[in-house]
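Walk me through this structure, please.

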Amino acid sequence: MDFKIEQWDLKYVDDVVKYANNKRIADNLRDIFPYPYTKENAEFFIKDCINNDINNILKAITVNGKAVGSISVIKLNDVNRKTAEIGYWIGEEFQNKGIMKKAVKMVMKEAFERMDIIRIEAEIFETNIPSKKVLENNGFKLEGRKEKSIFKNGKIMDSLMYSIVK
């Protein structure tokens, strides 16, 4: 399936609401990603991406001109300033089509070329097998398991730390 990685624009508000308003997506993301996902949430998210894209990568994943997901690489600070964290989500009907695998590869390349970093990391919930596969298929290595580090939807679970080094 053809897709593009594009700058965020407020024209994508309705698309974000449509594809982000999904409990199965929210269940695999930090609590900052709300469910239900409202138009106000989408407007705030897009404006935040537009305002913070200078030193980070915050992009829309589009298919046929519609924003169906998001991908970001956000640079950390202080002693972690040579590290960035990657995060992403995609609408349920676009999962398992190879889009995210390719999107992660594209954004990793851009991040290592454009940002002053030597490492990209991702911390995922132990139950998020599709994300685990996306990371491993892009050369990320499992660094470890953080026991009982996540509290989500009333449950305690482990997280997995993945990274790739330049």
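The largest pocket holds about 1,500 Å³ of space. Rolling a probe the size of a water molecule over the atoms shows where empty space is left. Here the search runs on a 1 Å grid over the protein atoms alone. A pocket is an open set of points where a 1.4 Å probe fits, with protein on both sides within 12 Å along at least five of seven lines. Grid points are joined across faces, edges and corners, and the volume is the space filled by probe spheres set on the points. This is a predicted model, in which local features need pLDDT of at least 70 and side-chain atom pairs count only at pLDDT 80 or more, while totals for chains, interfaces and linings use all residues. Residues are numbered from 1 along each chain as its sequence is written, and side-chain values use heavy atoms, with hydrogens and water left out.

The lining of the largest pocket has 49 residues, where a lining residue has an atom within 4 Å of a point. L29, F33, G87, Y88 and W89 lie nearest the centre of the pocket. The elements that give two or more residues to this lining are α2 (23–26), α3 (39–51), β3 (66–75), β4 (83–90), α4 (99–114), β5 (119–125) and α5 (129–137). These elements are DSSP runs numbered from the N terminus: helices are H or I with at least four residues, strands are E with at least two. β4 gives the most to the lining, with six residues. By class, the lining has 27 nonpolar, 13 polar and nine charged residues. Ala, Val, Leu, Ile, Met, Phe, Trp, Tyr, Cys and Pro count as nonpolar, Asp, Glu, Lys and Arg as charged, and the others, Gly among them, as polar.

Stay with strand β4 for a moment, where E85 is found. Which residues does E85 touch, not counting residues up to four places away in sequence? They are R30, S72, V73, I74, L76, E121 and E123. Contact here means heavy atoms within 4.5 Å. E85 and A122 are 37 residues apart in sequence, yet 5.7 Å apart in space, C-alpha to C-alpha.

Next come the helices. Two packed helices are described by the angle between their axes and the distance between the axes. Helix α1 (residues 13–20) and α3 have axes that come within 9 Å and cross at roughly 120°. Axes are lines fitted to C-alpha atoms, for helices over the stretch in contact, and angles run from 0 to 180 degrees between N-to-C directions. The α1 and α3 crossing is right-handed. On the α1 side, V13, D14, V16 and V17 meet K39, A42, E43 and I46 of α3. This contact has five nonpolar, no polar and three charged residues.

The loop between α2 and α3 holds Y37. Y37 has a relative accessible area of 5%, so Y37 is buried. The cut-offs are under 20% for buried, over 50% for exposed, and partly exposed in between, with a 1.4 Å probe and protein chains only. Beyond residues up to four places away in sequence, Y37 touches V16, V17, A20, N21, A42 and F45. The C-alpha atoms of Y37 and F112 are separated by 32 Å, at 75 residues apart along the chain. P36 is also placed in the loop between α2 and α3. A cis peptide bond joins Y35 and P36, with omega about 0°.

V134 is found in helix α5. V134 is buried, because its relative accessible area is 12%. Not counting residues up to four places away in sequence, V134 touches Y88, M100, K101 and V104. V134 and M100 are 34 residues apart in sequence and 6.9 Å apart in space, C-alpha to C-alpha.

M106 is found in helix α4. M106 counts as partly exposed because its relative accessibility is 41%. Leaving aside neighbours within four places in sequence, M106 is in contact with F3 and I5. M106 and I5 are 101 residues apart in sequence and 8.5 Å apart in space, C-alpha to C-alpha.

N64 lies in the loop between β2 (57–63) and β3. Its phi is near 50°, a positive value in a residue other than glycine. N64 counts as exposed, at 76% relative accessibility. D78 is found in the loop between β3 and β4. D78 is not a glycine, although it has a positive phi of about 55°. D78 counts as exposed, at 56% relative accessibility.

Notes
A crossing is left-handed if the near helix is turned anticlockwise from the far one by less than a right angle, and right-handed if clockwise.
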